[in-house]
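Hi,

Here is the structure I promised to pass on to you. Have a look at it first, and then read on for what turned up in it.

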Amino acid sequence: MLLLGIVDDIWGTEWKLKLTVSIIATSIIIFGAGIWIKNLGDLFGSGEIHLGLWGIPFTYFAVFGIINAINLIDGLNGLACGVSSIAFLSIAVFASMSGNEIVFYLSLVNLGRHSAFQIQLSEGKDIHGDSGSLFLGFSLAILAILLTQGDGSR
């Protein structure tokens, strides 16, 4: 995702390439690492919702949605940084509570990185660009899935 963003920042790309690379990156996570949304929990108060194989397309939809949401809000000074910092802090707190050390430390690293970036913001001219926002959205999506679906999620 980072390489796609760099190419997009320098030369510009069409939405078809972004969609293709997002699908490839998500496929690596799903089929290579076995990380995907299998369970929505007790969402409606009538028992856990197990997605089965429907979790795979749901994961593609969720990851692509988060990537594009962060990319879209990156145009305003500090908005993507602020939203992402809150999300990373929340993920770190819940990872700590559930004992998921990997997600906890990865969230803190990302939080520190974005806190340093936010300090540099000045006069509404600094944004992540596509390289930063695509990678940021992908990181948020994967950490959220690892937190809720991983071994330390219960």
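A quick word on terms before the tour: a helix here is a DSSP run of H or I with at least four residues, and helices are numbered from the N terminus. By that count Gly65 lies in helix 3. Please also keep in mind that this is a predicted model.

First, the overall picture. The protein chain has 6 helices and 0 strands, so its pattern along the sequence reads α-α-α-α-α-α. It has 154 residues, and 40% of them count as buried. The accessible surface comes to about 8800 Å², with 69% of that belonging to carbon and sulfur atoms. If you look at contacts with a separation of 6 or more, 65% of them are between residues 24 or more positions apart.

Now for how the helices pack, starting with helix 2 (residues 15-33) and helix 3 (residues 55-73). Their axes are 10 Å apart and the packing angle is about 130 degrees.

Leaving aside residues up to four places away in sequence, Ser22 touches Met1, Phe64 and Ile67.

Is Gly65 buried or partly exposed? Its relative accessibility is 36%, so Gly65 counts as partly exposed. The C-alpha atoms of Gly65 and Phe138 are separated by 9.7 Å, although the two residues are 73 apart along the chain. Pro57 is also found in helix 3, and with a relative accessible area of 41% Pro57 is partly exposed. Between Pro57 and Ile37 there are 9.2 Å from C-alpha to C-alpha, at a distance of 20 residues in sequence.

Helix 2 passes helix 6 in a right-handed crossing. Lys18, Ala25, Thr26 and Ile29 of helix 2 meet Asp130, Phe138 and Ile142 of helix 6. That contact divides into 4 nonpolar, 1 polar and 2 charged residues.

Finally, which way does helix 4 run relative to helix 6? The axes of helix 4 (residues 79-98) and helix 6 come within 11 Å and cross at roughly 20 degrees. That makes helix 4 roughly parallel to helix 6, and their crossing is left-handed. Helix 4 brings Ala80, Ser84, Ala87, Phe88, Ile91, Phe94, Ala95 and Ser98 to the contact, while helix 6 brings Leu136, Ser139, Leu140, Leu143, Ala144 and Leu147. The classes here are 11 nonpolar, 3 polar and no charged residues.

Cheers

How values were computed. Residues numbered from 1 in each chain as written. Predicted model: local features only at pLDDT ≥ 70, side-chain atom pairs only at ≥ 80, totals over all residues. Heavy atoms only, no water. Axes fitted to C-alpha atoms, helices over the stretch in contact; angles between N-to-C directions. Helix = DSSP H or I, 4+ residues; strand = E, 2+ residues; numbered from the N terminus. Buried < 20%, exposed > 50% of the residue type's maximum accessible area, 1.4 Å probe, protein only. Contact = heavy atoms within 4.5 Å. Areas by Shrake-Rupley, 256 points an atom, 1.4 Å probe, with all protein chains shown as cover. Left-handed = near helix turned anticlockwise from the far one by under 90°. Nonpolar A, V, L, I, M, F, W, Y, C, P; charged D, E, K, R; others polar. Parallel < 35°, antiparallel > 145°, perpendicular 65-115°, else oblique.
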